[in-house]
Amino acid sequence: MSTAAVHSLWTTAAEPISKIDAPKIEYGQLSPTLIVIGAALVGVLVEAFVPRKSRYYAQVFLSVVALAAAFAAVIALAAGGYGTTKAHIAAMGAIAVDGPSLFLQGTILLAGILGVFTFAERRLDPEAHGNRVDSFAAQAASVPGSDSEKAAVKAGFTTTEVFPLLLFAIGGMLVFPSANDLLTLFIALEVFSLPLYLLCAVARRKRLMSQEAAVKYFLLGAFASAFTLFGIALLYGYAGSVSYATIAQVVDGTIPNVDPALVGTMGNDVLLLIGAAMVVMGLLFKVGAVPFHMWTPDVYQGAPTPVTGFMAAATKVAAFGALLRLLYVVLPGLRWDWRPVMWAVAIVTMLGGAIVAITQTDIKRLLAYSSIAHAGFILAGVIATSRDGVSSVLFYLAAYSFVTIGAFAVVTLVRDAGGEATHLSKWAGLGRRSPLVAAVFAVFLLAFAGIPLTSGFAGKFAVFKAAAEGGAGPLVVVGVISSAIAAFFYIRVIVLMFFSEPRPEGPTVAVPSPLTMMAIGFGVAVTLVLGVAPQYFLNLASQAGVFVR
């Protein structure tokens with residue numbers, strides 16, 4: 001190449017670009033997420049600059065106010081019609097503001113507020129050296145059992161960093177179900193996963209078990225994230241875009257002007273099928289569906305119980321929201337390919353979760369397998385591929401999340417000398433020792449089992465009805481059989497609590513602060529209201545059941 005040619009290349013490259021368009025961001029419509037992320041950043045500054053004595057109160061106040069403000073913003077957006085008539089794609093195509101995203105964001109924020117209440121509980125453990133302590137390690141960085149840990153406990157330290165971590169996780173969860181391109185989806189996945197890995201590792205008691213749970217969750221989560229990212233790369237190679245709308249158009253063959261460079265890959269269904277399978281696999285890992293469920297029992301058992309309760313509720317809501325949007329908005333043209341696979345996953349998830357739960361002797365592991373079975377029930381609604389399918393899944397997620405947080409909050413109350421008494425044998429005769437706590441837990445177990453007049457029944461009925469109308473009748477039969485199997489071990493716990501003799505050396509029930517009482521009370525109220533009078537909320541979910549495309 002001559003020097004003149006090189007010189008001309010150099011000068012053309014160096015010519016000034018006329019102007020780069022500034023991004024157009026609708027801050028008002030993204031306000032719920034912005035409020036939560038902003039508060040999380042302020043929480044980090046609180047850790048740095050506020051004296052140790054005042055941090056706990058500052059963090060709890062900041063977290064509750066931020067989540068309440070974000071919830072108010074979601075209500076305002078819904079009232080302004082952004083869930084129905086004004087639903088559209090915001091932030092230059094990155095975020096969808098529509099009915100499902102607002103409904104799920106509202107659910108996640110309410111679950112987050114209850115999560116903060118359980119995180120802030122400081123009356124359950126006996127005072128250490130005259131200081132009230134919570135469920136989290138005195139100093140997360142110190143080695144379990146080391147001198148530095150003993151010194152931190154003696155000095156009355158508490159890990160208040162859990163509150164900003166919780167807010168970051170909630171911020172990621174708000175974006176996850178409303179992401180409208182694959183990169184936003186992946187970034188949101190990482191933003192909410194990384195804080196959860198950390199939160200799992202900071203239990204005050206059973207530190208080693210807690211750290212083991214966090215490492216398992218991190219390693220398996222990293223694998224799932226890698227699969228998701230590889231799938232995103234393949235889908236980008238197939239469609240030449242990460243935008244949901246463009247990929248959907250390429251899949252349907254309705255894209256108006258095709259880039260000549262893409263003509264070769266667009267006919268290549270292998271890229272599409274493997275890419276879609278990998279992204280869906282990453283999402284099924286997050287919801288804890290079989291065979292991607294291996295992390296669930298270990299992590300639920302090892303993590304601090306307030307974290308388990310929050311994670312079990314909110315992660316499912318966010319991940320199912322993202323899965324629904326992916327299958328209904330991006331891949332409706334692939335329905336004949338993904339439905340049979342989802343059928344298989346739903347069946348093994350429902351039966352696997354219910355059957356393995358029968359053999360469990362630890363209450364947290366039992367609830368973990370129960371959550372796996374519930375993921376299968378919710379997948380039945382996803383398979384319906386109808387508007388009713390979407391609204392039934394939204395309703396089920398809302399009902400399930402509050403029952404779950406309430407149930408794990410009750411688990412934190414039953415304690416012996418070693419902390420929480422989670423072995424089932426310790427719960428024998430609890431109904432005679434403390435009838436109120438046992439009755440509340442029984443209400444939650446009946447809701448999980450789907451007994452009429454609880455939210456669990458209304459949710460299961462809605463999901464199974466949508467699945468049957470969507471042509472998945474056999475799946476509903478399997479679902480009902482799984483529910484019957486699951487009912488056995490829920491009822492077994494109730495029988496154990498009320499019809500067994502209490503042991504003399506059995507656990508005590510700690511009296512919680514008003515914060516945990518509010519979390520449990522709200523859970524009971526939602527369970528009964530959604531069970532006795534679900535129609536208003538079913539209508540709300542039905543109005544919110546349309547994705548913007």
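**Close-up 1. Helix α4 is the top contributor to the lining of the largest pocket, giving six residues.** This is a predicted model, and the pocket shown here has a volume of about 650 Å³. Its lining counts 25 residues, and Phe 71, Ile 75, Phe 103, Phe 537 and Leu 540 are the ones nearest the centre. At least two lining residues each come from α3 (52-79), α4 (99-119), α16, α21 (514-532) and α22 (535-543). Sorted by class, we get 19 nonpolar and six polar residues, with no charged ones.

**Close-up 2. The second largest pocket holds about 450 Å³ of space.** Of its 19 lining residues, Lys 53, Tyr 56, Tyr 57, Arg 122 and Arg 132 sit closest to the centre. Helix α3 gives the most here, with five residues. The class count for this lining is six nonpolar, six polar and seven charged.

**Close-up 3. The largest cavity contains about 80 Å³ of space.** Helices α16 (387-411), α18 (435-449) and α19 (455-469) are the elements giving two or more residues to its lining. Among the lining residues are His 374, Tyr 396, Tyr 400, Phe 448 and Lys 460. By class, the lining splits into six nonpolar, four polar and one charged. Across the whole structure, the search turns up six cavities of 30 Å³ or more.

**Close-up 4. Leu 194, Val 215, Phe 218 and Leu 219 make up a nonpolar patch on the surface.** Together they have about 360 Å² of accessible area. Helix α8 (residues 207-239) gives the most to this patch, with three residues. Val 215 is found in that helix, and because its relative accessibility is 47%, Val 215 counts as partly exposed.

Methods: Residues are numbered from 1 along each chain as its sequence is written. This is a predicted model: local features need pLDDT of at least 70, side-chain atom pairs count only at pLDDT 80 or more; totals for chains, interfaces and linings use all residues. Side-chain values use heavy atoms; hydrogens and water are left out. Patches are made of residues with over 30% relative accessible area and no salt bridge: like charges are joined within 9 Å, nonpolar side chains (Val, Leu, Ile, Met, Phe, Trp, Tyr) within 5 Å. Accessible areas come from the Shrake-Rupley method with a 1.4 Å probe; for residues, only the protein chains shown count as cover. A salt bridge is a side-chain nitrogen of Lys or Arg within 4 Å of a carboxyl oxygen of Asp or Glu. Helices (H or I, at least four residues) and strands (E, at least two) are DSSP runs, numbered from the N terminus. Buried means under 20% relative accessible area, exposed over 50%, partly exposed in between (1.4 Å probe, protein chains only). On a 1 Å grid over the protein atoms alone, a cavity is a set of points where a 1.4 Å probe fits but cannot get out, and a pocket is an open set with protein on both sides within 12 Å along at least five of seven lines; lining residues have an atom within 4 Å of a point. Grid points are joined across faces, edges and corners, and a volume is the space filled by probe spheres set on the points. Ala, Val, Leu, Ile, Met, Phe, Trp, Tyr, Cys and Pro count as nonpolar, Asp, Glu, Lys and Arg as charged, and the others, Gly among them, as polar.
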